[in-house]
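Please look over the structure shown below before reading on. The report that follows takes up the aromatic rings, the ligand site, the backbone and a few individual residues.

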Amino acid sequence: MTEQQSSTSKQPPKMPGALPLIGNMLKFGKNPYEYMNMLRSKLGEIGEFRLFHQQMILLTGPEGNEAFFRAPDAQLDQNEAYKVMTPIFGKGVVFDAPPHIKDQQLKMLMPGLRDKPMRTYSKIIVQEVEEAIKGWGETGEIDLLDFMKQLTIYTSSHCLLGNEFRYELNEEFSQLYHDLEKGMHPIAFIFPYLPIPILRRRDKARIRLQELVTGIIEKRARKTEKSDDAFQMLIDTRYDDGTPLSPHEITGLLIGTLFAGHHTTAGTAAWITLELARNPKEMERVLEEFDQLYGHDGEVTFQSLREIPIFERVIKEVLRLHPPLIMLIRKVAKDLHFKDYVIKTGKYVCVSPRVSHRIAEIFPDPEKFDPDRFTKERQEDAQPFSWVAFGGGRHKCSGNAFAMLQLKAIYAILLRRYNFELVESPESYQDDYTEMVAQPGSPCMVRYTKRTNIQQDKAATINENSAANTESKPNCFKVEVDYDLCQGHANCMAEAPEIFQVDDKGLLTVLQEAPDNTLLKKAQAAAKYCPTSAIKINQD
Ligand code: F3S
């Protein structure tokens with residue numbers, strides 16, 4: 001940025017109505033989404049408001065999102081903005097760790113979210129769903145959000161924490177997790193250690209959870225047989241200097257993984273049923289797709305869960321309309337320039353997936369539930385950073401592949417056993433913004449009825465080696481990697497080892513930049529399953 005540019009940069013326009021001391025807190029606190037939406041319609045893609053003493057700049061739209069997600073940590077500091085997580089994850093863990101430690105800790109989480117363990121997780125999820133609906137009978141009513149919360153805490157803890165937490169410590173763990181979750185209260189953003197009951201319970205839960213984790217580490221150390229869950233990977237991993245993680249750090253990282261795997265998935269899982277029940281035609285298409293794929297008792301495997309295009313578009317549309325994180329925040333550590341504006345050091349800058357996802361110029365008729373907006377023909381999300389439900393850039397949620405796997409596995413089982421319908425009027429089901437993570441408001445009652453009409457005209461054969469069957473064409477294609485986005489997840493290597501190689505430190509090497517077309521499908525799968533969208537396939 002030149003001096004000329006910086007001296008001509010304008011300050012972002014301000015929202016009127018800020019009161020002394022509390023600023024715009026009253027209106028914002030009542031409904032953060034409505035407030036941010038109003039800000040965009042009044043001020044455009046950049047605008048300022050104040051929460052108590054903190055000046056917040058909201059950026060919306062693909063360009064605003066891109067400026068936010070692409071800025072380096074040294075400029076937009078995630079750690080400062082997420083101090084609310086320190087009492088939950090622990091001191092010195094993730095957002096409270098110096099950048100070089102945080103980077104290593106986040107990399108340590110990745111092996112548990114890679115392709116190989118995912119294969120085991122799909123089996124566990126299927127088993128958990130079957131177990132959860134075992135006693136349902138012919139018909140009944142449930143609070144869908146409660147059901148999904150319970151189910152996803154079982155699936156996430158079973159997959160990521162292992163058998164001890166799932167079977168031996170189940171009830172205590174659920175309570176502790178609940179207390180930690182409640183500790184993510186909006187007030188904790190401003191006053192993380194305010195001595196109020198919910199924050200005290202949060203702190204007690206963190207201490208107890210660490211005691212439990214320490215007990216399991218000691219117990220596992222005495223066993224000869226090794227577990228292969230994410231927990232064990234954290235026990236075995238080492239920092240670059242060879243130091244192992246402490247029980248305090250392992251506890252924090254496990255909580256972090258669970259929050260990524262569970263916290264946002266329950267609400268999305270519930271919204272899928274609600275939106276499908278509101279839109280019977282879409283429900284019909286989804287049922288047909290699942291029936292073709294699995295019928296009444298076809299095996300639900302990791303491989304078969306990978307390509308479910310109609311249902312994948314449904315998930316994407318649900319996440320467009322109901323992104324669980326309505327707001328992501330960073331603290332400006334170095335002036336950020338956006339178009340003609342400068343956002344000054346010390347302010348907070350935020351983006352809102354929910355506001356950006358409802359921009360009519362990008363997503364026409366934005367309130368309509370229309371999964372086909374993501375078909376190849378329409379691709380309404382073609383502009384980068386227009387759909388940001390999982391965040392974007394190098395900090396894109398590492399748990400997104402696990403979240404997608406969970407949602408697909410849950411619905412592959414649920415929808416072949418039961419039909420769902422709403423108990424209340426369709427418009428009464430709305431998001432609740434009183435928590436940090438938006439979810440359908442309670443109660444969220446639905447009626448289920450056993451299905452008797454499964455059609456499986458032709459069982460779809462899932463060919464594990466479909467990639468190898470790609471028709472051979474003489475031409476080649478280009479593989480481009482945005483190394484700024486690559487975080488070493490290594491899903492690309494699992495999909496196309498002929499093209500991508502990732503070492504133990506997560507460093508990626510592209511072995512062939514212009515592979516033969518026989519590898520096209522594999523390369524496309526690598527691009528699709530890269531959690532940070534770092535790979536582009538160019539066929540021109
Ligand atoms: Fe990097 Fe994505 Fe591969 S993050 S290692 S390009 S899966």
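## Aromatic rings

Counting rings of Phe, Tyr and Trp (its six-membered ring) as a pair if their centres lie within 6.5 Å, with planes under 30 degrees apart taken as stacked, over 60 as edge-to-face and the rest as tilted, the total comes to 24 aromatic pairs. A pair of aromatic rings is described by the distance of the centres and the angle of the planes. One aromatic cluster is formed by Phe89, Phe95, Phe165, Phe173, Tyr177, Phe231 and Phe259.

Charged side chains also meet rings here, where a charge is said to sit over a ring if NZ of Lys or CZ of Arg is within 6 Å of the ring centre and within 35 degrees of the ring normal. The charged end of Arg354 sits over the ring of Tyr33, at 4.3 Å from its centre, and Arg320 lies over the face of Phe363, at 5.3 Å from the ring centre.

## Basis of the model

This is a predicted model, in which local features need pLDDT of at least 70 and side-chain atom pairs count only at pLDDT 80 or more, while totals for chains, interfaces and linings use all residues. Residues are numbered from 1 along each chain as its sequence is written, and side-chain values use heavy atoms, with hydrogens and water left out.

## The ligand site

The ligand sits in the largest cavity. A cavity is, on a 1 Å grid over the protein atoms alone, a set of points where a 1.4 Å probe fits but cannot get out, and a molecule sits in a cavity if more than half of its atoms lie within 2 Å of its grid points.

Around the ligand are Cys486, Gln487, Gly488, His489, Ala490, Asn491, Cys492, Val502, Leu508, Cys530, Thr532 and Ile535, a residue being near a molecule if one of its heavy atoms lies within 4 Å of it. By class, this shell has 7 nonpolar, 5 polar and no charged residues, where Ala, Val, Leu, Ile, Met, Phe, Trp, Tyr, Cys and Pro count as nonpolar, Asp, Glu, Lys and Arg as charged, and the others, Gly among them, as polar.

## Backbone features

Most residues other than glycine have a negative phi, and most peptide bonds are trans. The peptide bond from Ser442 to Pro443 is cis, with omega near -10°, and Pro443 is placed in the loop between β11 (439-440) and β12 (445-450); helices (H or I, at least four residues) and strands (E, at least two) are DSSP runs, numbered from the N terminus.

Lys339, in the loop between β6 (336-338) and β7 (341-343), has a positive phi near 50°. Because its relative accessibility is 47%, Lys339 counts as partly exposed, a class that lies between buried (under 20% relative accessible area) and exposed (over 50%), using a 1.4 Å probe and protein chains only. Phe385 has a positive phi near 70° and lies in the loop between α19 (353-356) and α20 (400-417); Phe385 counts as buried, because its relative accessibility is 12%.

## Individual residues and distances

Leu180 belongs to helix α11 (residues 170-182) and is buried, with a relative accessible area of 0%. Leu180 and Leu199 are 19 residues apart in sequence, and their C-alpha atoms are 8.5 Å apart in space. Lys521, in helix α22 (residues 520-529), is partly exposed at 47% relative accessibility, and is 26 residues from Glu495 in sequence and 9.3 Å from Glu495 in space, C-alpha to C-alpha.

Gln54, in strand β2 (residues 54-59), is buried, with a relative accessible area of 16%. The C-alpha atoms of Gln54 and Val314 are separated by 38 Å, the two residues being 260 residues apart along the chain.

Definitions and conventions:
On a 1 Å grid over the protein atoms alone, a cavity is a set of points where a 1.4 Å probe fits but cannot get out, and a pocket is an open set with protein on both sides within 12 Å along at least five of seven lines; lining residues have an atom within 4 Å of a point.
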